[in-house]
Amino acid sequence: MADAEPSTIRPQRAVVTAWIAQTQADRTRAEAERRTTPRRMSQGEITALVLVTALGDIATVLHDADPADKAEVCG
């Protein structure tokens, strides 16, 4: 009988097994919803996107600027 499981462990195992099954089902449902439901961008994400776009434009302007103008600005 040394291999027998104590009766106090069996109920705990059932609780943990049910919890794992529920967690896996919740995760599967959340992943499916994430793939099918468009997510709205947050204000911070929009601000970051605008900033990155603006910096990209500035980089293009600086890249394309006349070398004499660049020399004057950079001193």
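1. Basis of the model. Residues are numbered from 1 along each chain as its sequence is written, and the side-chain values use heavy atoms, with hydrogens and water left out. Because this is a predicted model, local features need pLDDT of at least 70 and side-chain atom pairs count only at pLDDT 80 or more, while totals for chains, interfaces and linings use all residues.

2. Helices. The chain contains three helices and zero strands, and reading along the sequence gives the pattern α-α-α. Here helices (H or I, at least four residues) and strands (E, at least two) are DSSP runs, numbered from the N terminus. Helix α1 covers residues 9–36, and helix α2 covers residues 43–64.

3. Overall form. The radius of gyration of the chain is 30 Å, whereas a compact globule of 75 residues would have a value near 11 Å; the radius is taken over C-alpha atoms, and the globule rule is 2.2 Å times the number of residues to the power 0.38. Along the principal axes, the C-alpha atoms fill a box of roughly 90 × 30 × 15 Å.

4. Burial and surface. Which share of the 75 residues is buried? The answer is 0%, where buried means under 20% relative accessible area, exposed means over 50%, and partly exposed lies in between (1.4 Å probe, protein chains only). The chain exposes about 7100 Å², of which carbon and sulfur atoms supply 63%; accessible areas come from the Shrake-Rupley method with a 1.4 Å probe, and for residues only the protein chains shown count as cover.

5. Side chains of opposite charge can pair when their charged atoms come close. The count comes to three salt bridges, each being a side-chain nitrogen of Lys or Arg within 4 Å of a carboxyl oxygen of Asp or Glu. Asp 26 and Arg 29 meet in one of them, at 2.5 Å from N to O, and both residues lie in helix α1, three residues apart, about one turn of the helix. Asp 26 is partly exposed, at 34% relative accessibility. Glu 31 and Arg 27 meet in another, at 3.0 Å from N to O, and these two are separated by about one helical turn because they are four residues apart in helix α1. Glu 31 counts as partly exposed at 33%, while Arg 27 is exposed at 57%.

6. The salt bridge of Arg 39. Arg 39 pairs with Glu 45, with the closest N and O atoms 2.9 Å apart. Arg 39 is exposed, with a relative accessible area of 61%, whereas Glu 45 is partly exposed at 31%.

7. Charges over the chain. The chain has 9 positive and 11 negative charges, and their mean positions are 16 Å apart. Lys and Arg count as positive and Asp and Glu as negative, with His and the chain ends not counted; the place of a charge is taken as NZ of Lys, CZ of Arg, CG of Asp or CD of Glu.

8. A nonpolar patch. Met 41, Ile 46, Leu 49 and Val 50 make a nonpolar surface patch of about 360 Å². Patches are made of residues with over 30% relative accessible area and no salt bridge, like charges being joined within 9 Å and nonpolar side chains (Val, Leu, Ile, Met, Phe, Trp, Tyr) within 5 Å. Ile 46 lies in helix α2 and is partly exposed at 36%.

9. Distances along the chain. Gln 43, found in helix α2, is exposed at 57% relative accessibility. From C-alpha to C-alpha, Gln 43 and Ala 32 are 25 Å apart in space and 11 residues apart in sequence. Ala 14, in helix α1, is partly exposed at 46%; Ala 14 and Lys 70 are 56 residues apart in sequence and 72 Å apart in space, again from C-alpha to C-alpha.
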